[in-house]
Amino acid sequence: MIVYRYIAEALFYAFMILTFMGAFMAVRSQMLMHAVVGLAVSLLGIAGLYFHLGSTFLAVMQVLIYVGAVCIMIAMGVMLGNTPRQIAEKNLKGRNVLLAIGSCSAVFISLFVVLAQTGFAPAAERIGDMSISFVGENLLLQYCLAFELISVILLTAIIGSIILGRGGRDGAVK
Amino acid sequence: MIISDNLNTYLIIAAILLVIGLYGMIQHRSLIGMLISSEFLMNGAALNFMAFNTFTAPNPAVGQIYTLFIMGLAAAEAAIAVSIIIVVYRRFRDEDPAIVQDMKH
């Protein structure tokens with residue numbers, strides 16, 4: 001039994017490394033297409049982390065929505081926009097990279113200090129479980145309004161992007 | 001060492017994702033690169049929600065629902081952003097935010 005535990009732990013480390021490597025690839029790559037691939041890899045790793053957190057449903061949703069839809073859409077944007085081979089000379093260089101890394105690590109250190117000084121106590125009693133049926137029950141009873149608002153927002157986004165992208169290849173938006 | 005059932009592990013991973021997204025926003029000089037980095041910011045937030053949902057929340061469905069909402073909002077945001085970027089590229093022939101700073105001539 002303990003063997004499965006260590007296998008799961010090894011998988012956790014693998015997903016963590018996948019997440020970080022993909023994120024570094026997305027941030028530091030010279031070509032935008034590589035950045036999109038890095039984003040997809042990193043999102044797959046995060047799906048594995050959701051699996052470890054006990055929610056199979058969200059892991060599947062992460063793969064479906066993020067890796068399947070958002071990454072493909074961004075890849076389409078890369079291909080329709082500038083040429084894929086680009087950006088190399090436009091990235092930050094030298095002192096500016098150091099400044100960016102310094103400011104970002106300052107943010108991380110402040111977050112880490114807050115995290116280290118805070119104790120999070122688990123809830124005294126838990127209702128329900130992590131199952132899909134309980135999620136669906138909550139989604140349609142208590143969070144019904146937010147659920148409907150999300151669908152309206154998605155509809156608005158679809159209509160808005162169709163209207164924005166409708167103009168011809170060389171023309172402005174009609 | 002077993003670290004996968006510890007709340008702080010996930011919070012630190014989420015913080016690192018947030019910082020990577022922030023660095024990407026500074027580093028990338030194209031609108032698509034900034035959009036990709038904003039996905040990391042959103043995923044850090046979503047991972048935070050899920051971590052607290054698993055380890056501390058009294059109702060373990062709430063965090064999953066919020067993470068679903070974040071995914072939906074990110075999809076909507078990406079759709080709008082990609083179409084805006086395509087329109088911007090059609091008009092300016094470039095995606096450098098430094099060039100595309102005047103909105104109306």
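## Polar contacts across the interface

Across the interface of chain B and chain A, 15 residue pairs are in polar contact, with both residues at pLDDT 80 or more. The model is predicted, and pLDDT values set which side-chain atom pairs count.

Which elements of chain B supply two or more residues to the side that touches chain A? They are helix H1 (7-27), helix H2 (31-55) and helix H3 (62-92) of chain B. H3(B) gives the most, with 25 residues. By type, the residues on this side of chain B divide into 51 nonpolar, 17 polar and 9 charged.

## One salt bridge

How many salt bridges are counted between chain B and chain A? The count is 1. Arg5(A) forms a salt bridge with Asp5(B). Their closest N and O atoms are 3.3 Å apart.

## Contact and buried area

Now look at the whole interface. On the chain B side, 77 residues are in contact with chain A. On the chain A side, 88 residues are in contact with chain B.

The two chains bury about 7,200 Å² between them. Carbon and sulfur atoms hold 74% of that area. Which residues of chain B lose the most area to chain A? They are Tyr23(B), Met71(B) and Arg90(B). Together these three make up 9% of what the chain B side buries.

## A closer look at Thr56(B)

Find Thr56(B) in the loop between H2 and H3 of chain B. Is Thr56(B) buried or exposed? Its relative accessible area is 15%, so Thr56(B) counts as buried, because the cut-off for buried is under 20%.

What does Thr56(B) touch, leaving out residues up to four places away in sequence? In chain A, Thr56(B) touches Phe120(A), Ala121(A), Pro122(A), Ala123(A) and Arg126(A). In chain B, Thr56(B) touches Leu7(B).

Turn to chain A. How many helices and strands does chain A have? Chain A has 6 helices and 0 strands. From the N terminus on, its elements run α-α-α-α-α-α.

Chain A has 174 residues, and 33% of them count as buried. Its accessible surface comes to about 10,400 Å². Of that surface, 74% belongs to carbon and sulfur atoms. Now take the contacts in chain A between residues at least 6 apart in sequence. Among these, 54% join residues at least 24 apart.

How values were computed: Residues numbered from 1 in each chain as written. Chains lettered and ligands numbered in written order. Predicted model: local features only at pLDDT ≥ 70, side-chain atom pairs only at ≥ 80, totals over all residues. Heavy atoms only, no water. Contact = heavy atoms within 4.5 Å. Buried area = accessible area lost by both parts, 1.4 Å probe. Salt bridge = Lys/Arg side-chain N within 4 Å of Asp/Glu carboxyl O. Polar contact = N/O pair within 3.5 Å; in protein donor to acceptor, adjacent residues only side chain to side chain. Helix = DSSP H or I, 4+ residues; strand = E, 2+ residues; numbered from the N terminus. Nonpolar A, V, L, I, M, F, W, Y, C, P; charged D, E, K, R; others polar. Buried < 20%, exposed > 50% of the residue type's maximum accessible area, 1.4 Å probe, protein only. Areas by Shrake-Rupley, 256 points an atom, 1.4 Å probe, with all protein chains shown as cover.
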